[in-house]
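Subject: Structure handover

Hello,

Here is the structure I promised to pass on. Please open it first, then read my notes below.

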Amino acid sequence: MKRFVRIDKKDATLAMAHIYVGFIALALGGLAGLLQVLVRSGKFILPAGVGYYQVLTVHGVLLGLVLTTFFIIGFQHAAISRTSGTYSGKSRLFGWLGFWVMLIGTIMAAVMILLNEATVLYTFYAPLQAHWIFYLGLTFVVVGSWFGGAGMIIKYVSWRKENPGQPSPLLTFMAIINTVLWIVATIGVAGTVLFQLLPWSLGLVDRVDVLVSRTLFWYFGHPLVYFWLLPAYMAWYVIIPKIIGGKIFSDSLARLSFILFLLFSIPVGFHHQLVEPGIDAYWKFLQIVLTFMVVIPSLMTAFSLFATFEMYGRSKGATGLFGWFRKLPWGDARFTVPFIGMVAFIPAGAGGLINASNQMNQVVHNTIWVTGHFHLTLATSVVLTFFGISYWLVPHLTGRVLTKAMNKLAIVQAIVWSVGMGIMSGAMHVVGLLGAPRRSSFSTYGDAPQALEWIPYQVAQAFGGTILFIGIILVLYIFINLAFFAPKGEEDFPVGEKAEAAEKTPMALENWRIWLTILAALILVAYTVPFIDMIQNAPPASKGYRLW
């Protein structure tokens, strides 16, 4: 029988510190989300002194940035420690330094939002102008994440030196790919915040170039989606096969798919700016083509996952086209909850293709359809997978076990979440096609007939959002139980092994010179000429606006 492998306690403490912050953000951001959908129903008015757009900013920043970033970094610290060995003192020092810098930055930004000094929505778009402390806080969050990433890379480099000529553990490799993606992507948002928004908000410059700022933001904003998604893919590729008792279909395919995500997720930001003037149509077209390239690793992932499921089912005697489906461990929340996230990614991915298509994007761009798509991708596929990870990771890190009662409650929570999200996101998609705008509070627009058609769907969003909030309460209850009250014991950190018949992993997949050179070339091709054009033919820059 294989020996139980526990992560070093110091590394576990580092990972849990990040995860605690992530779940606190879930609680507060979830409450803000509930208030949002209630206000949009037209049946609820916020207390005096609290604005709708302030609540929107709280919801977007806490769930879209704080929850995800802290959870992902915590999970990746744990994954690397588990598969590549205990962190050195240097790696752990960088990890803790990153945590505290991120936490200080988060608190700075949060205080400014709560003081109504930074109601600039989720994307903090110029020319809406926040207090300079908000922008400085965001800078701290980004720089802190770089320190955490440095700690991971130090451990990875150390492992490679100690094991020359061998491919690194798959889970470690995936975590490093995601870390590199994050570091390269955040150069854009760090650039606009440090050199544009901070001096502007401090009054050192009077105006800001809005097009350059938005372009730098979306250089970061789209790969951010894959920074969220790739940890879910880590669980789907490596963790789920072990949980079901199967094998990883192909180590090489998994590595190649992650490399393709790294290459094609960054030079595609223009597909968020298809209605933005000042960018030549040719460059928008080029980045749309690169966007559709991301479909390839997504389909590779789907093929690999279902091949793993079918191989496992056949080994258990399954026959027929879908006989393997009945052999899967549906009573195990560690499998079932992420599996629901996988299924949700099918309509979510289809919606993404619509958003990235130039003609169809014109129809949905400024509608709540986009918000519905966002909630299917991040808030369903990604977040449900994060919950599934938590159900074994938290007890593993705290020295406890996932009990049968918590396992059943976790499955109930996933069903509640799916029902709530199905109602809310479905209503957003439909009413978006009817023209309902996003980023807007409740209004009948002077009792316009078209706007009155939207109200029943907005009531449905409030109903679905209320069910979702019940799901948040349930997952917080499970988290607190697993972190503090579950029985002491040994909960496994499941790491899958590749199938015996799988091909040997070529070391070229870990040749960073090749992949980083291609990545740099793609970014330069996609952005150099249009960026020069933006600067040479810049329209008059904008003063800051405070509309709240």
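Let us start with one residue. Thr 215 lies in helix α6. Helices (H or I, at least four residues) and strands (E, at least two) are DSSP runs, numbered from the N terminus.

Before going on, a word on the source. This is a predicted model, so local features need pLDDT of at least 70 and side-chain atom pairs count only at pLDDT 80 or more, while totals for chains, interfaces and linings use all residues. Residues are numbered from 1 along each chain as its sequence is written, and side-chain values use heavy atoms, with hydrogens and water left out.

Back to Thr 215. Is Thr 215 buried or exposed? Thr 215 has 1% relative accessibility, so it counts as buried. Buried means under 20% relative accessible area, exposed means over 50%, and partly exposed is in between (1.4 Å probe, protein chains only). Which residues does Thr 215 contact, leaving aside neighbours within four places in sequence? They are Phe 270, Gln 273, Ile 279, Tyr 527, Phe 531 and Met 534. Contact means heavy atoms within 4.5 Å.

**The whole chain**

The protein has 15 helices and zero strands. Of its 548 residues, 60% count as buried. The C-alpha trace spans about 70 × 50 × 45 Å along the principal axes. A compact globule of 548 residues would have a radius of gyration near 24 Å; the protein has 23 Å, which agrees. That radius is taken over C-alpha atoms, and the globule rule is 2.2 Å times the number of residues to the power 0.38. Residues 24 or more positions apart account for 84% of them.

**Two helix pairs**

Two packed helices are described by the angle between their axes and the distance between the axes. Axes are lines fitted to C-alpha atoms, for helices over the stretch in contact, and angles run from 0 to 180 degrees between N-to-C directions.

Take α6 (residues 210–244) and α12 (residues 369–398). They pack at an angle of about 45°, with their axes 10 Å apart. α6 and α12 are therefore oblique to each other. Angles under 35 degrees count as roughly parallel, over 145 as roughly antiparallel, 65 to 115 as roughly perpendicular, and the rest as oblique. The crossing of α6 and α12 is left-handed. That word applies if the near helix is turned anticlockwise from the far one by less than a right angle; clockwise makes a crossing right-handed.

Which residues make the contact? From α6 they include Trp 228, Leu 229 and Trp 236. From α12 they include Phe 374, Ser 381 and Trp 392. The residues of this contact of α6 with α12 divide into 14 nonpolar, two polar and no charged. Ala, Val, Leu, Ile, Met, Phe, Trp, Tyr, Cys and Pro count as nonpolar; Asp, Glu, Lys and Arg as charged; the others, Gly among them, as polar.

Helix α12 also packs with α1. The axes of α1 and α12 come within 10 Å and cross at roughly 135°. α1 and α12 are therefore oblique to each other. Their crossing is left-handed. Among the contact residues are Ala 12, Met 16 and Phe 23 of α1, and Phe 387, Ser 390 and Leu 397 of α12. The contact of α1 with α12 has 11 nonpolar residues, two polar and no charged.

**Loops and backbone**

A cis peptide bond joins Ala 126 and Pro 127, with omega about 15°. Pro 127 is in the loop between α3 (89–114) and α4 (132–162).

Next, the loop between α13 (404–433) and α14 (449–485), which holds Tyr 445. Phi of Tyr 445 is near 50°, a positive value in a residue other than glycine. Tyr 445 is partly exposed, with a relative accessible area of 43%. Asp 447 is found in the loop between α13 and α14 too. Its phi is near 60°, again positive in a residue other than glycine.

**One last residue**

Thr 179 is in helix α5 (residues 170–201). At 4% relative accessibility, Thr 179 counts as buried. Not counting residues up to four places away in sequence, Thr 179 touches Gln 76, Gly 149, Met 152 and Ile 153.

Best wishes
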